[in-house]
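Here is a friendly walk through a protein model, meant to be read with the structure open beside you. Settle in, and turn the model as you go.

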Amino acid sequence: MLRIGCVKYLNARPLIHGWSGAVDFDHPAALCRKLERGKLDVALVSSLEYLRRPIYRIVDGASISAHGAVYSVIVAHNEDFSCAEEIEIDPASETSVALLRCLLSQRGLHPRLVRNTDLESVRPAELHSAESVAVEGSTETGTADKMSAGRTGQRPVFRAFDEHGELQRSRRNLPHWEQSGTTYFVTFRLADAVPASIASEWRDELQNWRRFHPEPLDDEGKKEYRRRFLQVREDWLDQGHGSCLLREPKTAMIVAEALRHFDSQRYYLDAFVVMPNHVHALVQPLPGHSLKDILRSWKSYSARQINKTLARSGSVWMEESFDRIVRDWTALVKCRDYIARNPEKAHLRTGAFVLSLAEKLRNTDLESVRLGELHSAESAAGRGSVETQTADSMSAGRTGQRPVFRLLIGDQAIRFRQEHSDYRLWDLGEEWKKVVNLPFVFALWLIRPETNNTKEIADDLRRLRDHNLEKMDDLVSTQSEVSPEFCRKYYQDYLFFDFGEREKAGLREFHHHCLRNKIDVAPELRLNLV
């Protein structure tokens with residue numbers, strides 16, 4: 001049976017409505033992960049996925065594109081862009097985020113882009129992993145005529161280090177602290193990543209330093225420790241010494257799947273990266289499961305599978321791992337950023353690492369979230385409490401609020417535009433047209449290379465698109481979220497569903513802009529069409 005996935009936004013309906021089989025509807029970033037892991041054969045996903053991994057085949061002639069204003073990919077803001085220090089981004093669509101980075105750079109603007117996983121477009125896929133869905137006995141699939149409404153629930157909460165709480169300390173060559181409920185930044189490396197002679201030098205240097213710097217360290221002592229003993233080791237690892245067994249995609253995926261296997265059962269797994277000779281991960285153990293046991297499980301299972309896959313024997317991992325408690329939300333954000341930037345820092349090309357920016361843990365501290373949780377002064381005064389809001393309920397009474405700059409995509413952007421008239425809107429499709437005078441391609445049908453009958457699949461998808469556009473009245477009458485008049489205007493005035501020569505030229509130009517802005521894409525672009 002063909003496993004097909006599709007973005008669950010209104011803009012995708014002309015390409016999928018009427019498909020007879022089951023369809024996995026999800027947000028773009030989740031579909032990209034499923035396609036990459038081989039859990040889908042075909043998917044309508046963000047165009048950036050192809051620019052990063054040009055191993056797929058593109059269904060020629062079909063896309064979701066804009067030849068100017070797109071209406072549903074916007075930055076909502078209440079101040080001039082020259083005032084922007086931060087822009088909240090919706091991580092559900094990496095293509096829209098990359099486009100935003102390119103357009104900001106074109107304007108000479110460089111605000112911080114802050115991931116906000118509380119935005120509605122990511123909730124259904126992020127609240128439950130694929131593993132937890134299987135345990136619960138439900139699926140995220142539906143028919144093309146009745147898209148899933150998604151699930152509701154809460155993401156796990158990040159808990160800061162409690163300086164007055166119970167703490168377990170242990171030490172071998174490295175110090176290890178454990179506190180119930182906290183989150184850890186862990187690093188474990190291949191056995192040959194650091195030669196024994198250098199490891200011995202590092203150990204002796206650290207022991208000598210400790211004689212003159214007994215614990216607990218003051219702030220200056222902590223800074224010196226990080227500079228002399230942490231950063232040096234990280235820089236060494238990033239140089240790619242040793243056999244680098246994890247440079248091979250098949251071995252890197254063994255490690256990635258080992259990390260994900262007991263996610264939400266024994267621990268909550270946040271962001272992680274599998275580098276050629278080491279791994280970084282953010283993990284929060286669940287009650288009854290120690291960090292030591294989690295690390296032992298990851299390393300022992302993956303070592304057996306790697307040795308079996310490579311027909312080798314012997315040690316895979318260095319016995320001891322590095323771990324530290326993430327003290328507060330600011331530290332967690334910095335750890336996530338470090339993980340996200342590690343492949344770029346090590347000058348790795350796509351395919352030489354596995355990066356997951358799941359960001360599962362949520363923050364309940366409104367002061368830390370800042371722009372991510374807005375509140376109405378009127379509601380706070382009336383109720384004596386702060387009312388948190390999503391982009392669908394951003395308050396019109398913003399007296400005394402910080403400047404707001406927020407990237408909205410898909411159906412959420414449509415609802416926001418229709419319900420709020422007091423925000424200025426920057427349409428990214430319109431801005432792209434001004435910059436390059438070419439269409440922008442937001443999504444493509446991609447087929448995994450091992451899939452059979454690709455020509456028949458592509459022909460079926462093109463025929464389905466043609467039928468839906470020809471029977472526009474029938475198509476818009478099935479959409480209950482918006483009026484038929486708006487739906488028709490949206491499909492006919494803002495969106496285009498072809499992938500012709502101008503769309504291909506626009507995609508090549510986007511690839512060029514990504515390279516110029518150091519966005520992770522393949523160095524060369526070749527369109528594998530079917």
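A polar contact is a pair of N or O atoms within 3.5 Å; inside a protein, one atom must be able to donate a hydrogen and the other to accept it. Keep that cut-off in mind for the loop residue described below. Please also remember that this is a predicted model.

**A loop residue and its partner**

Start at N78, which sits in the loop between strand 5 and strand 6 (86-89). Is N78 buried or exposed? With a relative accessible area of 12%, N78 is buried, because the limit for that label is under 20%. The side chain of N78 reaches the backbone nitrogen of V404 at 2.7 Å.

**Strand 5 and its neighbours**

Which strands does strand 5 pair with? One is strand 16 (residues 405-409), joined to strand 5 by 5 bridges in an antiparallel arrangement. Here A76 stands opposite R406. The other is strand 17 (residues 424-427), also antiparallel, with 4 bridges. In this pairing V75 stands opposite W426.

**An open sheet with helices on it**

Elsewhere in the model, 5 strands form an open sheet in the order 14-11-13-12-15, with antiparallel pairing. Strand 14 (322-325) and strand 15 (354-356) are at the edges; each has a single partner strand, so one side of each is left without a neighbour in the sheet. From one strand to the next, the twist averages 25 degrees. Strand 11 (residues 184-189) is linked to strand 14 by 4 bridges, and the two run antiparallel. Within that pair, V186 stands opposite D323.

Helix 10 (residues 291-310) lies across strand 11, strand 12 (267-274), strand 13 (278-285) and strand 14, at about 35 degrees to strand 11. Helix 11 (residues 329-345) packs on the sheet and touches strand 11, strand 12, strand 13, strand 14 and strand 15, while its direction makes about 150 degrees with that of strand 13.

| Strand pair | Bridges | Facing residues |
|---|---|---|
| Strand 5 and strand 16 | 5 bridges | A76 and R406 |
| Strand 5 and strand 17 | 4 bridges | V75 and W426 |
| Strand 11 and strand 14 | 4 bridges | V186 and D323 |

Now look at helix 15 (residues 428-436) and helix 19 (residues 501-516), which pack at an angle of about 85 degrees with their axes 12 Å apart. That angle makes helix 15 roughly perpendicular to helix 19. Helix 15 contributes W432, V435 and V436 to the contact, and helix 19 contributes G506, E509, F510 and H513. By type, the contact residues are 4 nonpolar, 2 polar and 1 charged.

**A last stop in strand 2**

Finally, find V23 in strand 2 (residues 22-26). V23 is buried, with a relative accessible area of 0%. The C-alpha atoms of V23 and C6 are 6.9 Å apart, and the two residues are 17 apart along the chain.

Technical notes. Residues numbered from 1 in each chain as written. Predicted model: local features only at pLDDT ≥ 70, side-chain atom pairs only at ≥ 80, totals over all residues. Heavy atoms only, no water. Pairing = 2+ DSSP bridges. Axes fitted to C-alpha atoms, helices over the stretch in contact; angles between N-to-C directions. Parallel < 35°, antiparallel > 145°, perpendicular 65-115°, else oblique. Contact = heavy atoms within 4.5 Å. Nonpolar A, V, L, I, M, F, W, Y, C, P; charged D, E, K, R; others polar. Buried < 20%, exposed > 50% of the residue type's maximum accessible area, 1.4 Å probe, protein only.
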